[in-house]
Every structure is written in C-alpha cells, then in structure tokens.
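Here is a short briefing for a reader new to this structure. Keep the sequence and the 3D view at hand while reading.

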Amino acid sequence: MTEKSPVVSDVVAALDERYPRDWAEQWDRVGLVLGEFETPVDHILCVVDCVPETADEAVEAGASMIVAHHPLLLKGVSTLAPDTYKGRIVHRLIRAGIALYVAHTNADVANPGVSDALADRLDLRNTRPLVPQEDGRGIGRIGELPAPMPLGELVTFAASRLPATAAGVRAAGDQNRSVGTLAVCGGAGDSFLGDATRAGVDAYLCADLRHHPAGEHLANGGPALIDVAHWASERPWLDEVAGWLRSRFPIAVTVSDVDTDPWTVHAESPEKES
Ligand SMILES: [Zn+2]
C-alpha cells in the first residue's frame, strides 16, 4: 500500500497496470478521460455508467475521481458544449475537480475481471474463460454451480443474487432443464452464443439478448439463455475493483448503487403468471 495519498497519475498508473489499455478491443476507448494528473485523490467512486445521476453522486460524495466501466466518449465528438448531454457531464466533473477513468473491455478480459465478479455472485466454481485469450484472460466465464438446479429455479436464484432492477431476470428454454454448468458474460452477450454452445454448457447468462439470435440459438439446440439487465451484470465488478483500489491506496473508495439500467418499468402479463 502507498502510504501517502495518491494523485490522479498514481491511480491511473495502478489501474493501467491492472487493466493494460492494449487489452481493450480496437474499437474501445479506455484510460483517463479527463482530470489533472497532479490532483490529489482521497475518494474514488466506482460506477458502471458515467451519467448525470452518477456524476451528481460523485460531486455530493466529494469524490476526486470516478472509475467507470463504460466509456463516456466512445465515438468522436466535435463539441463538448455545455448544452449537449455529454458536454454537461464533462463540465460538471471538471468544475468539481473530479477525474474520470474508464476500464471497459480491458477489464472484461482481465483475470480477475468483470465476469469473475458476476460468476462469484452466482457461486460458480472452477471458472475458466468462455472465450480464452493468453495468460488465463478471456471474455466471459464458465463454471459449475454448487449443485445442479432446474432452469426455473436458477432464474430465481440469479434474481436474488444480482443487483435488483425493474427488468429482473428472464430465461429462454425449458424451465425444468437441469443446469449444472453455467456460462456468464457481463454486458451484451449476443456475440458469444456460439462459444457457449461449443463449450457444452447447460445455460448461458448475459445481458441484451435479442429475439432472432436467441430464438435461432435455441432452435439449434444451444444452451438455455438467461437474460439479465446490463447494469446488474456489471455492477458486481465495482465491488471487486473498489476492494482492490482500497488495498492499493489509503483512501475512501465507494461504489455507486444508482441503477442506470434504462428499463425502469416492468409488469407481468396476467395470463402468463404462474
Ligand atoms: Zn457493459
């Protein structure tokens, strides 16, 4: 642990070492987004999304730095004028002297990374990457549940273990299908449906699954699918990175529980209630 309080460049160096920027996908934009390198850091707020609500939370908490999972500025912009959505956030943070750092797909593939935190929430054992890369890194995780359970029960279990959202948890497949081996992937998981099938898992849990890819996957005999809110799938990582930051620096590190899932209203269809 560093004895004296760090400055922004110290935290950036530590995070860059744990989540090297060249582990990120080529399209991704990670690292320091804004903030002066020499600003002292005594409080870091970890968030999934840097949005007005979490920026406000950082200001109110007196944080000096935000560590976010999703990039604030993924695509090129030609203005940060304060009458634009992102410009307002940038101005608010700079005025409050809050630095912003992003670890996105480089934190997804890290070991431990975003999907390890998700797997831990579900008590998965003997985990390994769903899409392996070098040195034990990779996208998603595959692991065994402590005991096999029917898909219907697993959905309730996942809903009880993951951060609560209005959308909750839904699944596709036979609710009596026994699930012993589960693949998980924090965030959008459409692209890895084939990997989950090839891995021979019983079910695959991720976010943002869509009608046609999910339907075709099941029609081809693929593993059952469990669709969770994107925010809920990545929120567990915040605890892990916060714990690690606390072990590195003698400062306050807190985690945002502001639910940034865009789906805020949910109703059961009456005739479908069981
Ligand atoms: Zn995400």
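This is a predicted model: local features need pLDDT of at least 70, side-chain atom pairs count only at pLDDT 80 or more; totals for chains, interfaces and linings use all residues.

Helix H9 (residues 230-248) packs against helix H5 (residues 114-121). Five strands form an open sheet with mixed pairing.

- In soluble globular proteins, nonpolar side chains tend to be buried together.

**Helices H5 and H9**

- The two helices pack at an angle of about 100°, and their axes are 7 Å apart.
- An angle of 65 to 115 degrees counts as roughly perpendicular, so H5 and H9 are roughly perpendicular to each other.
- On the H5 side, the contact is made by Val114, Ala117, Leu118 and Arg121. On the H9 side, they meet Ser233, Glu234, Arg235, Pro236, Trp237, Asp239 and Glu240.
- By class, this contact of H5 with H9 has five nonpolar, one polar and five charged residues.
- Which residues does Trp237 contact, leaving aside its neighbours within four places in sequence? They are Tyr19, His69, Ala103, Ala107, Gly113, Val114 and Ala117.

**The five-stranded sheet**

- The strand order is S1-S4-S3-S2-S11.
- Strand S1 (31-34) and S11 are the edge strands, and each pairs on one side only.
- Neighbouring strands of this sheet are turned by 25° against each other on average, direction ignored.
- S3 and S4 pair in the parallel sense, over four bridges. Ile66 has Leu100 in S4 as its bridge partner.

**Strand S8 and its partners**

- Is strand S8 (residues 178-188) mostly covered or mostly uncovered? S8 is mostly covered, with eight of its eleven residues buried.
- Strand S6 (residues 138-150) pairs with S8 in the antiparallel sense, over six bridges. Here Arg141 stands opposite Val184 in S8.
- Strand S9 (residues 203-207) pairs with S8 in the parallel sense, over four bridges. Tyr204 in S9 stands opposite Ala183.
- Strands of a sheet pair through backbone hydrogen bonds, either parallel or antiparallel.

Terms used
Residues are numbered from 1 along each chain as its sequence is written. Side-chain values use heavy atoms; hydrogens and water are left out. Axes are lines fitted to C-alpha atoms, for helices over the stretch in contact, and angles run from 0 to 180 degrees between N-to-C directions. Angles under 35 degrees count as roughly parallel, over 145 as roughly antiparallel, 65 to 115 as roughly perpendicular and the rest as oblique. Contact means heavy atoms within 4.5 Å. Ala, Val, Leu, Ile, Met, Phe, Trp, Tyr, Cys and Pro count as nonpolar, Asp, Glu, Lys and Arg as charged, and the others, Gly among them, as polar. Buried means under 20% relative accessible area, exposed over 50%, partly exposed in between (1.4 Å probe, protein chains only). Two strands pair if DSSP finds at least two bridges between them.
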